[in-house]
Amino acid sequence: MIKDLVHDDAILSTPCEPATAEDASVATDLVDTLASIDDAVCLAANQIGVTKAIIAFQDDKDEVHVMFNPKILMGLGGAKVEESCLTHEEVSKVTRFAKIKVSFDELVDGSLRARRRDYVGWTAQMIQHMVDHCKGKLV
């Protein structure tokens, strides 16, 4: 279901709770909402009003991926960048890494499965932005 984006800093600054397999409908709502927004490439659950650690992002092939409980384990090649956000009007200056290692859970056949992957470039930057949202950072 397509949800309205949340612009309330009180919700957006609340750290997200760990997600479980029972939060699958939140992931579906994230994907549906992301697809409904022109030029949007990533979204975190708290941006649709649910404080669960779930993110969705679109890769270079326009495929959407969902991560439950993402955590940045390692980052290389940090640089200061300016980012805008769908739910926070101010441009943020943040450090982003060119390459990251992420641990996350993936929903497979109704259960969460632990994964660990490396990401680079634009995809790495999007994931870092969404992980910040999960931590309650206003970016």
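Helix α3, residues 121-134, has 14 residues and reaches 20 Å from its first C-alpha to its last, close to the 20 Å expected at 1.5 Å a residue (the expected span being 1.5 Å times one less than the number of residues). Helices (H or I, at least four residues) and strands (E, at least two) are DSSP runs numbered from the N terminus. This is a predicted model, in which local features need pLDDT of at least 70, side-chain atom pairs count only at pLDDT 80 or more, and totals for chains, interfaces and linings use all residues. Residues are numbered from 1 along each chain as its sequence is written, and side-chain values use heavy atoms, with hydrogens and water left out.

Twelve of the 14 residues of α3 are buried (under 20% relative accessible area, with a 1.4 Å probe and protein chains only). Among them are Thr123, Ile127, Val131 and Cys134. The cover over the buried residues of α3 includes α1 (9-12) and the strands β1 (42-44), β2 (54-58), β3 (64-83), β4 (92-108) and β5 (111-120). Just after α3, Gly136 takes a positive phi of about 85°.

The five strands form an open sheet in the order β1-β2-β3-β4-β5, with antiparallel pairing (two strands pair if DSSP finds at least two bridges between them). β1 and β5 stand at the edges with a single partner strand each, so one side of each has no neighbour in the sheet. From one strand to the next, the twist averages 30°.

β4 and β5 pair in the antiparallel sense over ten bridges; Arg117 in β5 is the bridge partner of Val102. α3 packs on this sheet, touching β1, β2, β3, β4 and β5 (contact meaning heavy atoms within 4.5 Å). The direction of α3 makes about 80° with that of β4, where axes are lines fitted to C-alpha atoms, for helices over the stretch in contact, and angles run from 0 to 180 degrees between N-to-C directions.

Conventions. Buried < 20%, exposed > 50% of the residue type's maximum accessible area, 1.4 Å probe, protein only.
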